[in-house]
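These are my notebook entries on a structure I went through by element, by chain and by contact. I set down what I looked up in the order in which I looked it up.

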Amino acid sequence: MRPRRWGTEASRAAATEQVLYDVDRGTGIATITLNRPEKHNALSVPMRDRIVDLIAEVDEDDDVRAVVFRGKGRSFCSGNEINEEWGQRRPHERRRTLAVGYRYGADMAWGRLGFSQAVSRCAKVTVAQVHGYCAAAAYFMIACKVDLVLAAEDARIGALEARFLGPAGAVASVHINRILGMKAARRTGYTAQPMSGLEAQRLGLVYACAPAAELATLTEAVVRRVAMRSPAEVDHLVARLRAAEALMNTSVPSITGLLVSHFLQPGQDEADFWRTAKEVGVGGALDADKALRGAADPRSRGVTNVEGTS
Amino acid sequence: MEVSSAGGVATVSVPGFAPLSRFDADFAWELRDTVVALADDDLVKVVLLRATGADFAPWPDGPVSAASPPSPRWRRVFAGANGLYQSLCFAKKAVVTEVAGSCVGAGAMLVLCSHLTVAADDALFGSPFAVLPESNFVLAALTMRLNRAKAWAVTDEPLGAVRAEEAGLVNDVVSRAALPEAAARLAVDMAAMPLDGMVMTTMLRQAVLDAHGVGREFDLAPHYASGRRAVEG
């Protein structure tokens, strides 16, 4: 028997092109490129499954010393695809069952076999190259899980989905609190305000920033420097970091947003958001939301002023 | 190793702390004993660690000692619960490090284990995690925040004094000329605290550190030593 692969036949087939993989054997750098620009690289279930498979491949490949996550198009990634049919609801069911909800849980929170922990437990140095939106799951399942984040100065990073789903797991997740500090973690979760790349650097999430046009060059320079270290030394170092992260309990994130969206009735804002997201992706829905009175970034109403936003 | 004491501040002066990076067990044990003895002295509230040489802890020139990992002597002196670093980290009194110039390997560990650090503007902090199995990454993550500590380790890029201050590794940065006075002033300010308050605070801090994994990370040092040995072939 083989494990069930979730998703439709079409979405499973598409995932191969939506998540591209490349290894430069000369430098020892692998690249995982999200290639779904029309949806701001929102991650479908088959895309996440493919990334889990690719990380296993990275772990097994002695030539690879570091793996870079990046996205094509306007954004790095706007989070999980929330409008797909991946087999979660049977026709007679009005709601998703807890058993299939566990499939989300396995990916997002507690599952050692899921996506989030595949990223955080990767045996090689992990790097995210972040531009445009880095929202929701992309924020707390990739950017906050990798070892190094390089960001465009004007990137918009954070739990933007909390605007619709309620305070995000960012508030409670140990790793985000350890990365940003508790007050900043709470702000991202309770307000849904994004951080610019520069602000994320000041708070400690981002290692280095560059203008968007220079981000790829910066990333390459940093990753090459890491990959030039002795492979045995890098292996040893990564093993040390993973062990220490386990001691700190930073490998298990907490997530509320998707679970709330799956088990509670949505409010009007949320319904509007999902309708738009179905048409233009989560990133597009975030853009549309900004244009709505009362649904914009609170800072635009003068609540506060954070660099990188108006 | 010279020790002077006045006004609740005991200053431990050595030419430099580099011998710790080549696992000089005699030097380490003398330092450990000195700090423990001072912490037991009711007239002392703050222990100030000072290097009188140009650098706080550069990479050592001499050969690595027989007490290197994973020897039993290393386990006791450097990695053990009663060894140097845990004696500093869990000391009953506050420890202050005064850092100028190069601060790598064991020097960085002294900074991580100490309560407060004052640095000269020429100080340069190198990550200890690739080389020293007894170094404690959890302490770094708690001190600097997780991703900064990871970047420090993974990139192996030393942190200058200003960046170290921004990252939270250092409390104050001053000119080299002003360093001894600035560190001494900080120590004197701390020594103005009531004795019982000082001891109670450091005791409570121990529980917090342990709850966050610092002690368990220390306990993994022999495991990390095996990994490091594999690196060295």
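Entry 1, burial of a strand. For this entry I take a residue as buried if 20 or more other C-beta atoms lie within 10 Å of its own, with C-beta atoms placed from the backbone. The model is predicted, which I keep in mind throughout. I looked up strand 3 of chain A and found it mostly covered, with 6 of its 6 residues buried.

Entry 2, partners of strand 3. I then traced the pairing of strand 3 of chain A. Strand 2 of chain A runs parallel to strand 3 of chain A, and 6 bridges join the two. Within that pairing I located Leu34(A) opposite Gly71(A). I followed the chain from strand 2 of chain A through helix 2 of chain A to strand 3 of chain A and recorded this β-α-β crossover as right-handed. With strand 4 of chain A, strand 3 of chain A pairs in the parallel sense over 4 bridges. There, Ala66(A) has Val125(A) of strand 4 as its bridge partner.

In what order do the strands of the open sheet of chain A stand? I read the order as 1-2-3-4-6-8, for 6 strands with mixed pairing. Strand 1 (19–24) and strand 8 (208–210) of chain A are at the edges with a single partner strand each, so one side of each is left without a neighbour in the sheet. I noted an average twist of 20° from one strand to the next. Strand 4 (residues 125–130) and strand 6 (residues 148–152) of chain A run parallel and are joined by 4 bridges. In strand 6 of chain A, Leu150(A) is the residue opposite Gln129(A).

I found Ala136(A) in the loop between strand 5 (133–135) and helix 5 (137–143) of chain A. Is Ala136(A) buried or exposed? I counted Ala136(A) as buried, because 30 other C-beta atoms lie within 10 Å. Its C-alpha atom is separated by 7.4 Å from that of Asn80(A), 56 residues apart along the chain.

I recorded 11 helices and 9 strands in chain B. The radius of gyration of chain B is 16 Å, close to the 17 Å that the globule rule gives for 233 residues, so chain B is as compact as a globular protein of that length. The C-alpha atoms of chain B fill a box of roughly 50 × 35 × 35 Å along the principal axes. Buried residues make up 56% of the 233 residues in chain B.

I listed 27 residues from chain A and 25 residues from chain B in the contact. On the chain B side, helix 5 (137–144), helix 6 (146–155), helix 10 (214–219) and helix 11 (221–232) each supply at least two residues. Helix 6 of chain B gives the largest share of that side, 8 residues. I sorted the chain B side into 13 nonpolar, 5 polar and 7 charged residues.

Technical notes:
Residues numbered from 1 in each chain as written. Chains lettered and ligands numbered in written order. Predicted model: local features only at pLDDT ≥ 70, side-chain atom pairs only at ≥ 80, totals over all residues. Pairing = 2+ DSSP bridges. Axes fitted to C-alpha atoms, helices over the stretch in contact; angles between N-to-C directions. Contact = placed C-beta atoms within 7 Å. Nonpolar A, V, L, I, M, F, W, Y, C, P; charged D, E, K, R; others polar. Buried ≥ 20, exposed ≤ 12 C-beta atoms within 10 Å, placed from the backbone. Rg over C-alpha atoms; globule rule 2.2 N^0.38 Å. Right-handed = clockwise from strand over helix to strand, strands pointing away.
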